[in-house]
Amino acid sequence: SLPRRGDTRWASISVTVVRNADGSPQHFIVQLIDITAAKETVAQLRVAHARLEAIFEHSPAWISLRGLDGRYLDANSKLAGLLGTQREQMIGQHPSRLTRSQSVPDVDNDDRAVWETRQPVYREMPIRHPDGELHTYQMVRYPVLDEDGEVTAIGSFAMDISDRKRSEVERDRALSDLNEAQQIAAVGSWTWDAVSDGGEWSAEMN
């Protein structure tokens with residue numbers, strides 16, 4: 001279709017000089033190709049890449065992409081900081097070269113399962129931080145497929161759930177202490193849910 005008046009178009013221009021027998025210029029051949037659509041596609045890809053990069057870098061989770069040989073193709077700074085290195089230094093490295101964590105064999109096994117089944121794998125995994133503190137992560141590894149449905153890479157996404165796990169441990173400990181105290185004192189307790197109009201009673205209330 002013809003461009004509207006005032007539209008900006010991009011063009012690729014090539015000029016070839018045609019010479020006669022004695023080598024002097026005779027005329028020019030000019031080739032003009034409209035590349036506006038290609039330029040717009042490139043611009044859209046740059047915007048999409050910038051958006052993905054912003055998500056990649058500012059996510060509260062650590063994110064990585066590794067090849068089928070287990071080596072990092074990319075990773076965000078969150079994971080690089082956890083491993084005490086730089087993002088650029090991770091590329092081409094296997095996790096076993098960057099950490100002494102006992103979970104590395106689990107990583108390899110999960111990768112194999114993702115590659116064979118083409119399904120994501122979920123796991124809770126303890127990881128020791130550089131400061132020596134042990135954290136618990138909720139992890140998912142997932143297949144990255146090409147247009148033919150073949151696995152070309154393994155993606156990983158992990159959130160630190162240490163605070164939640166500690167809260168669960170403290171809750172269970174508090175309930176255990178309450179149950180023990182009720183047994184010793186021979187007193188009971190009950191709760192009522194106003195929404196469901198249901199309740200729960202301890203054994204001592206029976």
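## Exercises on side-chain contacts

The structure holds one aromatic pair. This is a predicted model, where local features need pLDDT of at least 70, side-chain atom pairs count only at pLDDT 80 or more, and totals for chains, interfaces and linings use all residues. Residues are numbered from 1 along each chain as its sequence is written, and side-chain values use heavy atoms, with hydrogens and water left out.

**Exercise 1.** Classify the geometry of the pair formed by Trp62 and Tyr137.

*Solution.* 
1. Take the rule: rings of Phe, Tyr and Trp (its six-membered ring) pair if their centres lie within 6.5 Å; planes under 30 degrees apart count as stacked, over 60 as edge-to-face and the rest as tilted.
2. The ring centres of Trp62 and Tyr137 are 6.4 Å apart and the planes meet at 55°, so the pair is tilted.
3. Strands are DSSP runs of E with at least two residues, and helices are runs of H or I with at least four, numbered from the N terminus.

**Exercise 2.** Are Trp62 and Tyr137 buried or exposed?

*Solution.* 
1. Buried means under 20% relative accessible area, exposed over 50%, partly exposed in between (1.4 Å probe, protein chains only).
2. Trp62 has 7%, so it is buried.
3. Tyr137 has 6%, so Tyr137 is buried.

**Exercise 3.** Describe the salt bridge between Glu150 and Arg118.

*Solution.* 
1. A salt bridge is a side-chain nitrogen of Lys or Arg within 4 Å of a carboxyl oxygen of Asp or Glu.
2. The closest N and O atoms of Glu150 and Arg118 are 3.4 Å apart.
3. Glu150 lies in the loop between β6 and β7 (151-160), and Arg118 in the loop between α5 and β5, so the pair ties together parts 32 residues apart in sequence.
4. Glu150 is partly exposed at 40%. Arg118 is partly exposed at 39%.
5. Check the backbone: Arg118 has a positive phi of about 60°, although it is not a glycine.

**Exercise 4.** Which ring does the charged end of Arg66 sit over, and which salt-bridge network includes Arg66?

*Solution.* 
1. A charge sits over a ring if NZ of Lys or CZ of Arg is within 6 Å of the ring centre and within 35 degrees of the ring normal.
2. The charged end of Arg66 sits over the ring of Tyr72, 5.9 Å from its centre.
3. Salt bridges link Arg66, Asp110, Asp111, Arg123 and Arg141 in a network.
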